[in-house]
Amino acid sequence: IIRGMAHGADKGEGSAGMLLSSLPPGGREVLEHMAKGRHTKLIADSLGLSPKTVETYRAILYRKLKCANPIELTHLAIRGGLVMAGSSEGGGSSEAR
C-alpha cells in the first residue's frame, strides 16, 4: 500500500477531492486520523500498524499532498470531505510522539 502511495499522480493541481481520491485506502485512513488530531501511536493502534508504518504514511502524505504541516493536511481533508470541521476527538496532537 505504501509503495502505491509513493507513485502515481503528484501534480499538486485540482480539487482536494481529486487529490484525496488518488490515495490508496490506507493513506486515506491515516490522513483521517491525523486530521482528527490523533498522534502516531493512537493511529497505529487503531489501524493495527506499527508506529514506523504510520510515520512512513505521514511522510508520504505530506509529500504527495504538498502540505507543510498538520494544519494544511487537516484543511485538505476537510475540503475533500474526508472529515468534518470540528471533528477532533481529542486524541492528542497530530505530531509524532
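**Entry 1**

I looked up Glu 32 and found it partly exposed, at 27% relative accessibility. My scale, with a 1.4 Å probe and protein chains only, calls a residue buried under 20% relative accessible area, exposed over 50%, and partly exposed in between. I am working with a predicted model, where local features need pLDDT of at least 70, side-chain atom pairs count only at pLDDT 80 or more, and totals for chains, interfaces and linings use all residues. Residues are numbered from 1 along each chain as its sequence is written, and side-chain values use heavy atoms, with hydrogens and water left out.

Which residue forms a salt bridge with Glu 32? I found Lys 36, with the closest N and O atoms 3.2 Å apart. A salt bridge here is a side-chain nitrogen of Lys or Arg within 4 Å of a carboxyl oxygen of Asp or Glu. Lys 36 is buried, at 14% relative accessible area.

**Entry 2: helix 4**

Next I checked Asp 45, which pairs with Lys 41 in a salt bridge; their closest N and O atoms are 3.1 Å apart. I see both in helix 4 (residues 40-47), 4 residues apart, or about one turn of the helix. Helices are DSSP runs (H or I, at least four residues), numbered from the N terminus.

**Entry 3: helix 5**

Then I turned to Glu 55, whose salt bridge with Arg 58 has its closest N and O atoms 3.7 Å apart. The two are 3 residues apart in helix 5 (residues 51-64), about one helical turn. Is Arg 58 buried or exposed? I noted it as buried, with a relative accessible area of 5%, while Glu 55 is partly exposed at 26% relative accessibility.

**Tally**

I count 3 salt bridges by this rule.
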